[in-house]
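The stops below go helix by helix.

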Amino acid sequence: MTAAATDKPVWTQKHLLGLADLSREEIYHVLDTAEGFKEVSTRSVKKVPALRGRVVVNMFFEDSTRTRMSFELAAQRLSADVIYFAEKMSSTQKGETLIDTARNIEAMGVDIMVVRHPAAGAAMHLSQAVDCCVVNAGDGQHAHPTQALLDLFTIRERKGRIEGLNVAIVGDIAHSRVARSDICGLLKLGAQVTLVGPPTLVLKSFETMGARVTHDFESILPEMDVISMLRIQKERMTSSGFPSAREYVRFFGMNHERLRSCRDDVLIMHPGPVNRGLELAADVADGPHSSILRQVTNGLAVRMAVLFLCQQAAAGEE
Ligand code: CP
């Protein structure tokens, strides 16, 4: 390899909008950078100066616990100044547009905007209107890139690799941004992905992405290294296409009985929030196979890595 090739930074993106934009090498670079940042949270003083003097704004137009708080904490651990945009108390209530809102916030000297929005494409739309970094914290049904990165990080940490693993994603794939980003990342890193759920929510068309589709949960349990259970969106339960809660649990709920058909070292994942007793029985959610809280812990390190790398790429452009 030439000196010029080795000097070229792996990560050159100032925005993180989705995993579709990332190469395999870039995904591994985020995971490796997060590995380094994970240690910071074990120190008595949990802070590094990587983003000192920088300003991060959290713009959440949808409810969130994990993503919002971990981005806030990640920015604080990197010594950035963090401000929070509360939609309900903002001038969007008086009719100000998303773009005008973002440009006005940027005019205060913001370096990174973290955006969650119910509309697919909102983060990309913003990234074309502002000069600062934009990080997608979930846009409609389109993408949730940091959730997928933390899922990949957790799988690699627990299994030692991603390539060659059999991973099932179970539930409402059709409406899930987590599923779309997970499928994209897992396939790029060489896992085999199986999508499981009722035919109305797991369409055959997902096979065009490179995943396998099945509606028979029981039959795939013995082959899986990792099973990721998606949140059942109760608000959709009454709409056509969604079975009743009872029927869903019967065919697609992960419980102790089904766990017995799985490999001894199967990893059970869930992005949260969990509906206990629906997608997961409580004893499975809290049991030794579950990585739910580990995913949350890892999310902090992954978001530190994302904020750091995007800011570093932006600084390279200055
Ligand atoms: N997994 C996830 O995005 O959770 P929140 O909606 O609480 O951020």
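How many residues does helix H3 have, and how far does H3 reach from its first C-alpha to its last? Select residues 66-77 of this predicted model. Helix H3 has 12 residues and reaches 16 Å, close to the 16 Å expected at 1.5 Å a residue.

Next, show the side chains of Thr 67, Ser 70, Phe 71, Ala 74, Ala 75 and Arg 77, the buried residues of H3. They cover an arc of only 160° around the axis, which puts them on the same side of H3. An α-helix has 3.6 residues a turn, so residues three or four places apart point the same way.

Before leaving H3, click on Ser 79, which follows the helix and has a positive phi, near 70°.

Move on to H6. The end C-alpha atoms of H6 are 21 Å apart, which agrees with the 21 Å that its 15 residues should span at 1.5 Å a residue. H6 is mostly covered, with 13 of its 15 residues buried. Gly 160 follows H6, and its phi is positive, near 80°.

The axes of H6 and H7 are 8 Å apart and pack at an angle of about 50°, so the two helices are oblique to each other. H6 passes H7 in a right-handed crossing.

Conventions: Residues numbered from 1 in each chain as written. Heavy atoms only, no water. Helix = DSSP H or I, 4+ residues; strand = E, 2+ residues; numbered from the N terminus. Expected span 1.5 Å × (residues − 1). Buried < 20%, exposed > 50% of the residue type's maximum accessible area, 1.4 Å probe, protein only. Arc of directions from axis to C-beta. Axes fitted to C-alpha atoms, helices over the stretch in contact; angles between N-to-C directions. Parallel < 35°, antiparallel > 145°, perpendicular 65-115°, else oblique. Left-handed = near helix turned anticlockwise from the far one by under 90°.
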